[in-house]
Amino acid sequence: MAESIIIRVQSPEGMKKIFATKRETAASFLKKVAKEFGFSTNGFSIYLNRNKTGEIVSQSKSLSLLKIKHGDMLFLFPSASPGPSGEVMDVAVPHSSSSSLSVLSRPQTSSQVTEDDIDQYLAKQDGKIYRNQDPQLCRHGPMGKCVHCVPLEPFDEDYLNHLDPPVKHMSFHAYIRKLTGGADKGKFVALENISCKIKSGCEGHPPWPEGICTKCQPSAITLNRQKYRHVDNIMFENHTIADRFLDFWRKTGNQRIGFLYGRYTEHKDIPLAIRAEVAAIYEPPQIGTQNSLELLEDPKAGAVEEIAAKLGLCKVGWIFTDLLSEDTRIGTVRYTRHKDSYFLSAEECITAGDFQNKHPNPCRLSPDGDFGSKFVTVVATGGPDNQVHFEGYQVSNQCMALVRDECLLPCRDAPELGYAKESSTEQYVPDVFYKDKDKFGNDITYLARPLPVEYLIIDITTTFPKDPVYTFTSTHRFPIENRDVLGETQDYHSLATYLSQCSSSVFLNIVSDFHLLLFLVTNEVMPLRDSIGLLLDAVKTSNEELAQTWKKSEQWATIEQLCSTVGGQPTGLHDYGAIGGPSVPASSSSMWSCRHCTFMNQPGTEHCEMCSLPRS
């Protein structure tokens, strides 16, 4: 059997190890390099020397004849900048350096990754922590600097620990500055995602479970508390958003789940930090009890994403309640999540990891084009004062990898413990460890069976602003979606009732409600998915003129007629100052909407053509 060797290949994006044999041809070796780096076979050049001399070309000569030995380093350069003409060699010169590779076309490079707007903004910021001169310690002029007043780096641990409250996790962009702050300015920094799966394409042995080797076997994982976080603060724009979400639990006693829609902005309390601002909560179809939650398939999910995008919003996280009444007379709740129980259960960590994997964070320093996630988790639960508190979390990138590769399970009887799966004939699972201290203060390594989930959790401060902000300015409440169990339905009856309550003469304030806009787009009687763009632009930019222009459209006139037909208000809805008059019953000669399924029926009929239920 041919002796296996390892060749190191240095590229502008970092170094990779290529496994080969001495008898392997140069053409076969170049194909391996192309596959490892994700290049086309003719899109790169490999050289023996850093100065682009001694190019390795695709040929039938073996690596041993080319004098390439175990441990040698070759250099990779893009084809856009080839070496000097006349230096292409079919044999290697004495090994003084390594070889180089260049690329013409690549499926996806770090420069092609489009990062989020907030990441692009923070990448351009200085990030330094500037300090004034200390009158007692500084002994220099006003233009000088010393160790007591020189600007600090954004990842300075002493500074972060002395903030009030102390910051345990530096921001992700401060972490990037730490990685790229060396002499090479992070030229070879690559944020690689963890993989728990066997590498494919290993031909030296039968596939798992018959065989495995060090080349394809994933490395063991030692869990560490993550030192950085992708989101440093969660802020609800106002209390109304949270109160409306909690109303469901207050009225039914059942738990509730929702998705947070908002935007990512700069959090100025921490250097280079990111804040997730929540502007609305969408409640998907679900089944909730006092002790459980189950998400159902959501046919409107695509429409919600589309509306949010046109409003300048995105899905920034999810929220769920875990509330039990302590005393119904004074409205207190139980304090169940604390350091002696758990903050997030293993099942919740797995769910959070799954959501984060579905919403990756674009990153130019990652070979995969993404690294980690900005998707946050918020729990509405009881606090130490027995009042409702909102606690924010994320799970670590290690947890995301374990969840993505299906290596983590919850424990049935201990919510604070997870369990790393054991390898089976269907799946190889790498060993997972964590470190803890024994009673003598020594560091002991334990196998993660079971695993305290506190190693996977990153806490995030959750706040409300002193001065409330309103992306959606309507002061009246249109019914929230998927609350039929409360008798709150989204139909043209509720729309007519909503409009009859609005006394504002500003049309923009009337329609500026996330749940109302969602109903206008997704209702089955008259969906406005293709004709509501102007109204969404008006709400996004707070432009009353655009709203008034859309109000004059044929679509809004039809909506007014439908509201009048179902027994809401007459078509004089154009004059919102007089909308509070008595409702006008539907005429028997006009179309009528079924109270059960909202189907629009022809005049003169007494039973719904769709569901056959009586009109009354």
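Trainee: How many bridges join S10 to S27?
Mentor: Three bridges join S10 to strand S27 (residues 457–463), and the two run parallel. Strands pair if DSSP finds at least two bridges between them. Strands (E, at least two residues) and helices (H or I, at least four) are DSSP runs, numbered from the N terminus.

Trainee: And what's the bridge partner of Asn233 in S27?
Mentor: That's Thr461.

Trainee: Before I go on, what kind of model is this?
Mentor: A predicted one: local features need pLDDT of at least 70, side-chain atom pairs count only at pLDDT 80 or more, and totals for chains, interfaces and linings use all residues. Residues are numbered from 1 along each chain as its sequence is written, and side-chain values use heavy atoms, with hydrogens and water left out.

Trainee: OK, back to S10. Which way do its residues point?
Mentor: In S10 (residues 233–236), Asn233 and Met235 point one way, Ile234 and Phe236 the other way, and all are buried. Buried means under 20% relative accessible area, exposed over 50%, partly exposed in between (1.4 Å probe, protein chains only).

Trainee: In what sense do S10 and S12 pair?
Mentor: Parallel, over four bridges. Phe236 has Val278 as its bridge partner in S12.

Trainee: Switching to helices. Which residues of H6 are buried?
Mentor: In H6 (residues 301–310) they're Ala303, Val304, Ile307 and Ala308. Down the axis of H6, the buried residues fall within an arc of 130 degrees, so they line one face of the helix. The arc is taken from the directions from the helix axis to the C-beta atoms.

Trainee: Why do residues three or four places apart point the same way?
Mentor: Because an α-helix has 3.6 residues a turn.

Trainee: What do the buried residues of H6 pack against?
Mentor: Strands S11 (257–267) and S12 (273–282), plus helices H11 (514–522) and H12 (533–541). Contact means heavy atoms within 4.5 Å. Just after H6, Gly312 takes a positive phi of about 80 degrees.

Trainee: New topic: what's the strand order in the open sheet of three strands?
Mentor: S22-S23-S26, with antiparallel pairing. S22 (408–410) and S26 (451–452) are at the edges with a single partner strand each, so one side of each has no neighbour in the sheet.

Trainee: Which helix packs on that sheet?
Mentor: H7 (residues 346–358), touching S22 and S23; its direction makes about 140 degrees with that of S22. Axes are lines fitted to C-alpha atoms, for helices over the stretch in contact, and angles run from 0 to 180 degrees between N-to-C directions.
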